Amino acid sequence: MPSPEIILASASPRRADLLAQVGVSFRVVPSGLDENGTTPSDQIADHERQACALARAKAEEVAARLRRGLVIGADTIVVCEGVPYGKPRDPQEARAILLRLAGRTHHVISGVAVVDAATGRFEVAAAVTAVHMRPMDGDEVAAYVATGEPMDKAGAYGIQGRGALLVDRIEGDYSSVVGLPLPTLAVLLHRFGVRV
């Protein structure tokens with residue numbers, strides 16, 4: 001039996017790069033859903049459920065347009081001391097977020113969902129990674145924001161780019177911090193008979 005087509009329901013080049021990195025053949029059909037739908041909560045578990053729900057909603061939105069294939073949706077939320085941070089709206093917000101994260105530990109929660117477009121069956125899970133940021137001053141944060149890198153990333157930094165210089169260490173899955181938890185995704189795809 002041939003392997004089902006894999007569809008990535010995200011326009012994120014970082015998620016596409018991660019999927020390609022592990023040898024998965026796929027095509028991109030971006031979801032039209034907003035990635036910044038966050039709700040206040042001080043519980044990591046609530047944010048896990050939220051990230052999973054948004055990942056599933058994105059995958060289902062794309063799956064509804066297709067007749068077959070396995071659709072991958074993902075959503076990433078950064079949480080520091082109970083406060084969720086999505087993508088910054090402007091450079092000022094990016095600076096404020098980074099100064100809030102500086103010298104603290106935050107959690108990156110990446111929800112991932114796989115939806116079978118033919119049947120509607122879905123599998124969903126989340127990965128949580130602790131990220132320890134090093135202390136930074138206002139000038140250093142302003143210089144990083146001026147690169148433009150923070151503007152399309154939850155938490156206003158990209159660990160796969162210049163933002164790596166801001167991170168002291170992580171505990172957990174690096175790919176989850178980038179936005180697509182590969183080990184978690186591999187488990188979900190295996191449930192559909194796809195081995196990565």
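Begin by selecting Asp116 together with the residues that it touches beyond four places in sequence, namely Gly69, Leu70, Arg121 and Phe192, where contact means heavy atoms within 4.5 Å. This is a predicted model, in which local features need pLDDT of at least 70 and side-chain atom pairs count only at pLDDT 80 or more, while totals for chains, interfaces and linings use all residues. Residues are numbered from 1 along each chain as its sequence is written, and side-chain values use heavy atoms, with hydrogens and water left out.

Asp116 belongs to strand 5 (residues 105–116); helices (H or I, at least four residues) and strands (E, at least two) are DSSP runs, numbered from the N terminus. Asp116 is buried but forms no salt bridge, and the nearest side chain of opposite charge, that of Arg121, is 6.0 Å away. Here buried means under 20% relative accessible area, exposed over 50%, and partly exposed in between, with a 1.4 Å probe and protein chains only; a salt bridge is a side-chain nitrogen of Lys or Arg within 4 Å of a carboxyl oxygen of Asp or Glu. Of the charges, Lys and Arg count as positive and Asp and Glu as negative, while His and the chain ends are not counted. A polar atom of the Asp116 side chain does lie 2.9 Å from the backbone nitrogen of Ala118.

Next, select Ile72, Tyr157 and Leu180, which have the most contacts inside the largest nonpolar core, a set of 41 residues. Such a core consists of buried Ala, Val, Leu, Ile, Met, Phe, Trp, Tyr and Cys residues joined through side-chain atoms within 4.5 Å. Strand 3 (residues 70–80) supplies the largest share of this core, with five residues. A second, separate core of ten residues can then be coloured apart, and among its members are Ile7, Ala59, Val71 and Val115. Returning to Tyr157, its contacts beyond four places in sequence include Leu98, Leu101, His106, Val108 and Val131.

Now move to helix 1 (residues 13–21), in which Arg14, Arg15, Ala16, Leu18 and Leu19 are buried. The buried residues of this helix pack against strand 1 (6–8), strand 3, helix 5 and helix 6 (182–190). Ser12 caps the N-terminal end of helix 1, with a side-chain oxygen 3.2 Å from the backbone nitrogen of Arg14, and the helix is followed by Gly23, whose phi is positive, near 80 degrees.

Which side chain meets that of Arg14 in a salt bridge? Selecting Asp152 shows the partner, at 3.4 Å from N to O. The pair links distant parts of the chain, since Arg14 is in helix 1 and Asp152 in the loop between helix 4 (138–146) and strand 7 (167–171), 138 residues apart. Arg14 is buried at a relative accessible area of 17%, whereas Asp152 is partly exposed at 35%. Through shared partners, Arg14, Asp152 and Lys153 are joined into one network.

For the last stop, select Arg191 and Glu123, whose side chains meet in a salt bridge at 3.0 Å, N to O. Arg191 lies in the segment after helix 6 and Glu123 in strand 6 (residues 122–133), so the pair ties together parts that are 68 residues apart in sequence. Arg191 is partly exposed at 41% relative accessible area, while Glu123 is buried at 18%.

Definitions and conventions
Polar contact = N/O pair within 3.5 Å; in protein donor to acceptor, adjacent residues only side chain to side chain.
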